[in-house]
Amino acid sequence: MEGLYQKKNIEDLSSKCLLCPHKCLIKNGEYGFCGGRKNINGTIHLLSLPITGYLDPIEKKPLYHFYPNSKIASFGSEGCNLKCKFCQNWTISQFKSSDKDKLEEITERTIQNIIKVGTNKQDGNIGCAYTYNEPSISFEYILKSSEAINKAGMKNVLVTNGYLNAGPQKRLLKYIDAINLDIKSFDDSFYKNYCSATLKPVLRYAERAKEYCHVEITTLVIPTLNDSKIEIQAIAKWIAKHLGNDTPFHLSAYFPNYKLDIDATNPEKLIELRKYAMEYLKYVYTGNIYDKEGKNTYCPSCSKPVIVRGYGYRPITEINLNGDKCKFCGEKINLKIN
Ligand code: SF4
């Protein structure tokens, strides 16, 4: 499938990809930085197509305030436009897509399959999530499938690093119902040194997403790199100011992976950081650790639990809501619910 955002040079058959802030100038026969796009005879083509599809609990994205207890058909492929040294999914994100014979035919068949699965309501499915690796680099197929899924009245979800240019953002977001977006750090040098990216476009994407859909934010907390009180509170303050203090914020524990062998996040530290973030935000969660409180949703007014979650894939064991209001005191909770 031909890339929608590119500037071709017919003289030397190079082409500039304008999809994400990297703006790769790709020579004929070469790949872009993400490994999911290749210049074939002067035209950039999308090669990164889904290789996985599972019916996941929505809590696994993580999305805790978007149709709790529902399931969503989840697709991912390979490649990523960030090169995080601590990537927890590096076995799929850090690989180039292979060349494919009959590329156009395969792409079309793949998109039709996603639409078929994403619009199938069986087993409680509410739609389609683009996740596991970075969906932005598969922009064209996601645009097409999410438009069809949206027209069928089903939901589209993105789990993203937020590294996409403004034009494609606006074009895609009108079909998206919810996003979980990573703010990996509030320090631009962290983005440069550990992710080969920059912070500003990510923040801008989060703000724009808020104009279109439900937004939740995730930060993977890495000891010594981004786990100071100052840094976590800086992110929480920014979220409160730019996205609203009722935006769910997930603090997730890191485990040594890929190129980083710093020790795993201490659970007690994560629990402490949650408390610091809650000075600015109403709903803050811990992830990847055993934490009795950090997995539940509490009413910001009366402090009683409105959603109690189990462990693992966070199955819900108790819901104390009347619609989107706390059953105990009537406070409105920022929640999409049937
Ligand atoms: S989407 Fe890939 S090829 Fe395009 S600019 Fe970004 S990293 Fe480069």
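**Close-up 1. Helices α2 and α3 cross in the predicted model.** The axes of α2 (residues 103–118) and α3 (residues 139–151) come within 9 Å. They cross at roughly 35°. The crossing of α2 and α3 is right-handed. From α2, the contact draws on T107, T110, I111, I114, I115 and G118. Their counterparts in α3 are Y141, K144, S145, A148 and I149. By class, the residues of this α2–α3 contact split into six nonpolar, four polar and one charged.

**Close-up 2. Residues surround the ligand.** The shell takes in C17, L19, C20, H22, K23 and C24, among others. G32, F33, C34 and R37 also belong to the residues around the ligand. N81 and I137 complete the list. Seven residues of the shell are nonpolar, three are polar and two are charged.

**Close-up 3. I137 sits in a loop and is buried.** The loop lies between β8 (125–130) and α3. I137 counts as buried because it has 30 C-beta neighbours inside 10 Å; the cut-off for a buried residue is 20 or more. Leaving aside residues up to four places away in sequence, I137 touches C34, G36, R37, S48, G79, C80 and N81. I40 is 97 residues from I137 in sequence. In space, the two lie 17 Å apart, C-alpha to C-alpha.

**Close-up 4. Strand β8 pairs with β7 and with β9.** β8 is mostly covered, with six of its six residues buried. β7 (residues 71–76) runs parallel to β8, and four bridges join them. Here K71 has N125 in β8 as its bridge partner. β9 (residues 155–160) is also parallel to β8. Four bridges link this pair. C128 stands opposite N156 in β9. Strands of a sheet pair through backbone hydrogen bonds, either parallel or antiparallel.

**Close-up 5. Three strands form an open antiparallel sheet.** The order is β14-β15-β16. β14 (297–298) and β16 (316–319) are the edge strands. Each of these pairs on one side only. Strand β15 (residues 305–309) is joined to β16 by three bridges. β15 and β16 run antiparallel. Across this pairing, R309 stands opposite I316 in β16.

Terms used
Residues numbered from 1 in each chain as written. Predicted model: local features only at pLDDT ≥ 70, side-chain atom pairs only at ≥ 80, totals over all residues. Axes fitted to C-alpha atoms, helices over the stretch in contact; angles between N-to-C directions. Helix = DSSP H or I, 4+ residues; strand = E, 2+ residues; numbered from the N terminus. Left-handed = near helix turned anticlockwise from the far one by under 90°. Contact = placed C-beta atoms within 7 Å. Nonpolar A, V, L, I, M, F, W, Y, C, P; charged D, E, K, R; others polar. Near = placed C-beta within 6 Å. Pairing = 2+ DSSP bridges. Buried ≥ 20, exposed ≤ 12 C-beta atoms within 10 Å, placed from the backbone.
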